[in-house]
Amino acid sequence: MRIGFIAMSGVRAWDPELLELGLTMPGFVERKEVIAQLPSLGLLTLAGLTSNLDEISYHEFFDFNRDSPPDEHFDLVAISSFTAQIEDAYRLADLYRESGTRVVLGGLHVSSLPDEAMEHADAIVIGEAEAIWPQLIEDARSGGLNPVYRAIAPWNLADSPIPRFDLLDPAKYNRITVQTARGCPWRCDFCASSILIAPRYQTKPVSQVVSEIRRIKAIWSRPFIEFADDNTFVNRGHSRSLMRSLIPEKIRFFTETDISFGEDLELISLARDAGCRQVLIGLESPSSVGLNGLELRSNWKLKQLERYHEAIARIQAAGITVNGCFILGLDDQSTEVFDQVLKFVREAGLFEVQITLQTPFPGTPLYDRLRREGRLFEDRFWEKCTLFDLTHEPRGMTAQELRSGLIWLSQSLYNEDAVRDRRQRYHRGASPESSASDDTSRR
């Protein structure tokens with residue numbers, strides 16, 4: 001069979017004024033300048049599980065206003081999409097089906113709303129796709145695709161193949177993704193990944209991670225790696241072993257973790273020596289307002305609040321920059337939150353900061369709660385699930401106050417003077433021998 005793996009790429013703000021400010025996901029090197037593309041690690045992994053008997057290719061599709069769908073003839077296409085682009089993914093799937101090509105849809109949104117997705121696909125995948133993919137391919141080859149493939153048992157990362165990085169155009173990407181762990185123990189109410197896709201936290205064997213990185217280095221001579229983990233350093237034993245094994249590989253990498261990383265000086269040192277340039281940490285709120293009840297199992301982040309400044313200082317003193325993430329519009333936050341975030345960023349000396357709006361993605365407890373409370377503006381608002389567009393009535397301020405505050409805070413944080421000041425303060429505080437250079441630590 002000829003199989004096309006198609007990733008919907010480049011989620012960015014729906015609101016034109018916010019888009020002009022440069023608010024863009026899933027990542028950026030510099031706002032309003034260079035958008036850094038990340039390949040779909042999930043699709044590349046499924047490609048690694050596909051038989052050599054099949055002819056496969058990887059493609060990315062941005063939107064119908066800019067791009068034309070891949071015009072190759074496929075017997076089967078597998079489409080993966082963020083919620084914000086799922087409507088375009090459905091439109092693309094419909095076009096392929098009209099031409100006689102069978103379509104498989106999967107990912108978080110599909111797992112959250114399978115009945116909706118089934119209207120646009122010959123088959124959908126619910127949950128982790130790795131375990132059922134070989135069977136799906138065999139069924140497609142025999143002409144007997146089932147409408148639904150559901151992962152029953154959690155996938156063991158130790159069984160994962162090396163993703164097909166060789167399918168990528170090396171000139172197109174400045175960052176490559178590798179997964180070292182899946183899931184997160186904190187289970188925040190706004191996060192669907194650890195609830196729908198990764199119900200248990202697990203780590204990938206260190207030797208396997210190293211093998212994947214060496215495969216990448218065979219294609220990119222000096223790659224910048226982004227670990228596609230929800231929380232890389234939460235398992236300290238695995239993290240130390242991984243960092244020690246990465247030191248000889250001489251890579252540079254970015255990852256996401258929680259604030260407890262700042263408590264472990266040995267791990268911080270190992271991560272720096274292994275090439276860690278930046279960690280993204282979900283601080284969520286500069287005060288206790290909004291943190292209470294944010295997690296389903298505990299108020300862990302609320303209990304860490306008083307340690308935020310100290311932990312950030314430890315990490316950055318070692319030469320690893322911190323990208324602190326804040327959610328605006330958490331329940332009970334007032335308009336004071338905008339000044340509080342700005343003050344926190346300055347006082348903590350954060351190298352980088354990311355601000356988002358509370359967003360109720362389908363499949364999350366947050367979505368279910370806001371729907372019960374009648375606070376959603378629309379029943380179907382998927383194109384606005386960008387983390388920057390307001391989708392519901394906030395509690396603690398008006399919708400207009402929240403939108404205006406987001407714009408004001410963006411302008412305050414991301415103007416040239418503010419960015420230059422943050423970087424100068426960071427370089428004054430970081431150790432000279434390990435200070436990360438701007439070109440490798442931007443996010």
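Contact here means heavy atoms within 4.5 Å. With that settled, on to the model. It is predicted, so local features need pLDDT of at least 70 and side-chain atom pairs count only at pLDDT 80 or more, while totals for chains, interfaces and linings use all residues. Residues are numbered from 1 along each chain as its sequence is written, and side-chain values use heavy atoms, with hydrogens and water left out.

First stop, threonine 359. Leaving aside neighbours within four places in sequence, threonine 359 is in contact with Leu366, Cys385 and Leu387. This threonine sits in the loop between strand S14 (352–357) and H14; helices (H or I, at least four residues) and strands (E, at least two) are DSSP runs, numbered from the N terminus. Is threonine 359 buried or exposed? Its relative accessibility is 3%, so it counts as buried, the term for under 20% relative accessible area with a 1.4 Å probe, protein chains only. A polar atom of its side chain lies 2.8 Å from the backbone oxygen of leucine 357.

Next, aspartate 389, in the loop between helix H14 (365–372) and helix H15 (399–414). Aspartate 389 is buried yet has no salt bridge, meaning a side-chain nitrogen of Lys or Arg within 4 Å of a carboxyl oxygen of Asp or Glu. Which side chain of opposite charge is nearest? That is arginine 403, 6.9 Å away.

Last, a sheet. It is open, with 6 strands in the order S2-S1-S3-S4-S5-S6 and parallel pairing. Strand S2 (55–61) and strand S6 (148–150) are at the edges with a single partner strand each, so one side of each has no neighbour in the sheet. Two strands pair if DSSP finds at least two bridges between them.

Terms used:
Buried < 20%, exposed > 50% of the residue type's maximum accessible area, 1.4 Å probe, protein only. Lys, Arg positive; Asp, Glu negative; His and termini not counted. Polar contact = N/O pair within 3.5 Å; in protein donor to acceptor, adjacent residues only side chain to side chain.
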